[in-house]
Amino acid sequence: MTKPSLPDLLHAAVSAVGGTERPGQVAMAEAVAEAIDDNSHRLIQAGTGTGKSLGYLVPALAHGERVVVATATLALQRQLVERDLPRTVDALHPQLRRRPQFAMLKGRSNYLCLHRLHEGAPQDEEDGLFDQFEAAAPTSRLGQDLLRLRDWADETETGDRDDLTPGVSDKAWSQISVSSRECLGATKCAYGAECFAEAARERAKLADVVVTNHALLAIDAIEGAPVLPQHEVLIVDEAHELVSRVTGVATGELTPGQVNRAVKRSAKLVDEKIADALQTASESFERVMELALPGRLEQIPEDLGYALMSLRDAARNVISAIGATRDKSVHDEDAVRKQALAAVENIHTVAERITNGSEYDVVWYERHDRFGATLRVAPLSVSGLLREKLFEDRSVVLTSATLKIGGGFNGVAASLGLSPEGVEGDDVPLWKGLDVGSPFDYPKQGILYVAKHLATPGREGTRGDMMDELAELIEASGGRTLGLFSSMRGAKAAAEELRGRLDNPILLQGEETLGELIKNFAADPKTCLFGTLSLWQGVDVPGPSCQLVVMDRIPFPRPDDPLMSARQKSVEEHGGNGFMAVAATHAALLMAQGAGRLVRASGDRGVVAVLDPRLATARYGSFLRATLPDFWYTTDRNQVRRSLAAIDATAKADGK
């Protein structure tokens, strides 16, 4: 039998989902197929509307070897598993003569733990050991969540937190879930045979396509213990997010509260002398943290160094002692032991990492009004880790709507540990970049407006001229505005002020769930939605409800961000331009994601307004603009108001 052609397979899949074939999608599918066949690597920028999911799924399914698809957002994972993959598998079946299997795999804490559910969570010492379902008042929010979880446990087939609607609080979920370190293991657990997390792993082992997330991909790479099944092809979607997700997984932290909980959990399991040593070290660490001021620690202060060494040594002794003792008087001893061990091991790992000190780590203090001080340690760069762990022994395709920064791929490639395109050498993974474009006609569908006449935004304080400009733009567009702010404080200040000045309803991130906010925003064209960085992705509102996207300022990292400033300094010490490589690249990615909210369909029209004159006047402005969609560009405020009014009038004439 002749092998079905890729164009025929793609045509069948696109027809099945009711889509339209795009030249960019065809080019992408061919590039993915070529990378898989050559066992090579690709960076593929595919603009909104390309249909990139099918662009990589069709060649991956046709290939026949196991493929892992890693995404950053839950929304895309669900779209792949619940919509795209079932339809594509059905559509390709007649030509492939097989029906590829697919499965979703997440970290263990995303699944309900039956042991926790039935035996209760080991509690901290002062609380005693009790059934969490009895302890929470049934009338409280927590009590109601726990009762609902117990009912859900009897009917769920997956135990996956994301299948529970409506959801529950993190506090409620933590009562019935475990981390991988706290898990007893299927062979030791009385509920191992029914375990939801183990069942998900087994499904993944049998699947041809495994859909996971960046965090699990990072854990698989960093911790050395394989979490994902063996696979020949890795496809990273939303790849612009990968570096920050891997950095998050590779970041350690210590707080006095966390250390205290570890002391309490382990105290009953070891002899008094060993427990007292950890208690003393904990108190010493707490005293140091009370005086901690936010900021980077280029040298570890002497008092912190002593406190961390004491913690490290005491934690090591507790770990050894827990492994050597048994105490049948402790209820559910194995679970109590495992939870205590997980807590103490984390303290030992982080304390030892900071004590050992590495030029490749950044250490800093953070302070929170409610929770006090936190000590953090993160890698200066994850590029070496990614080069070593990601690109070996498999073909890797990285794709996103925003991979070209300042007009080229090399910036993102460097953050992934790759050399410039075409550079060969030992241990240098070769890769090719491809921009398949977008089906949208950006110069005709959108305007990029920079408010050049405004004052340059400062670090603090309200911007009266910016508020006036924002109010006028919203009035001209008749509402229909997504306001993207560089801080939550900025979003709140704008919402408070404009609620008093405008008749338009203004929704604010945090006042409702994101899903509800987006639904209400899309339902009423007069409504505006204000939010911060986390809103810049995942807002997909095609049509006339979103015809103005406003960014209050260029979203550079804060100058006092310890990790970003350390990375910037490192680039400069190696002869590079730290500002462009770190701060400008960070801002460009965020702005490209924000601007991408405007045109989501071929009929969309509108304006992206940046209320920061530096995009027009600063030398780096052209670099940032080159990363944005190719909208028609202007700094003429009157022209933009006329355009917005015309777009609004057209939408109203169409009854929208």
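**Entry: a charged patch**

I began at the surface, where E388, E392, D393, D426 and D427 gather in a patch of negative charge. The model I am reading is a predicted one. I looked up E388 and found its place in helix α16, residues 383-390.

**Entry: helix α3**

Next I turned to helix α3, which runs over residues 52-63 and has twelve residues. From its first C-alpha to its last I read 17 Å, close to the 16 Å expected at 1.5 Å a residue. Is α3 mostly covered or mostly open? I found it mostly covered, with eleven of its twelve residues buried. The buried ones are K52, S53, L54, G55, Y56, L57, V58, P59, A60, L61 and A62. I noted for later reading that an α-helix has 3.6 residues a turn, so residues three or four places apart point the same way. Just after α3 comes G64, and I wrote down its positive phi of about 95°.

**Entry: salt bridges**

I then searched the whole structure for salt bridges and got 33. As background, side chains of opposite charge can pair when their charged atoms come close. I took a few of them in turn.

D84 pairs with R83, and the closest N and O atoms of the two are 3.2 Å apart. D84 has 5% relative accessibility and therefore counts as buried. R83, at 40%, counts as partly exposed.

R99 forms a salt bridge with D90, with 2.5 Å between the closest N and O atoms. R99 is partly exposed because its relative accessible area is 41%. D90 is also partly exposed, at 47% relative accessibility.

K106 forms a salt bridge with D160, and here the closest N and O atoms are 2.8 Å apart. Which parts of the chain does this pair link? I placed K106 in the loop between β3 (102-104) and α5 (114-119), and D160 in the loop between α7 and α8. The two residues are 54 residues apart, so to speak distant parts of the chain. Both K106 and D160 are buried. I also noted that salt bridges with shared partners join E469, E472, R637 and R641 into one network.

**Entry: a cis peptide bond**

I checked the peptide bond from T165 to P166 and found it cis, with omega near -10°. P166 sits in the loop between α7 (141-155) and α8 (170-174). Is P166 buried or exposed? P166 counts as exposed because its relative accessibility is 60%, and the cut-off for exposed is over 50%. I also took the spacing of P166 and L242: they are 76 residues apart in sequence and 29 Å apart in space, C-alpha to C-alpha.

E238 has a phi of about 50°. I found E238 in the loop between β5 (233-236) and α11 (242-249). E238 counts as buried because its relative accessibility is 11%, and buried means under 20%.

Phi of R480 is near 55°. Where does R480 lie? I located R480 in the loop between α19 (464-477) and β13 (481-484). R480 is buried, with a relative accessible area of 2%.

Terms used. Residues are numbered from 1 along each chain as its sequence is written. This is a predicted model: local features need pLDDT of at least 70, side-chain atom pairs count only at pLDDT 80 or more; totals for chains, interfaces and linings use all residues. Side-chain values use heavy atoms; hydrogens and water are left out. Patches are made of residues with over 30% relative accessible area and no salt bridge: like charges are joined within 9 Å, nonpolar side chains (Val, Leu, Ile, Met, Phe, Trp, Tyr) within 5 Å. Accessible areas come from the Shrake-Rupley method with a 1.4 Å probe; for residues, only the protein chains shown count as cover. A salt bridge is a side-chain nitrogen of Lys or Arg within 4 Å of a carboxyl oxygen of Asp or Glu. Lys and Arg count as positive and Asp and Glu as negative; His and the chain ends are not counted. The place of a charge is taken as NZ of Lys, CZ of Arg, CG of Asp or CD of Glu. Helices (H or I, at least four residues) and strands (E, at least two) are DSSP runs, numbered from the N terminus. Buried means under 20% relative accessible area, exposed over 50%, partly exposed in between (1.4 Å probe, protein chains only). The expected span of a helix is 1.5 Å times one less than its number of residues.
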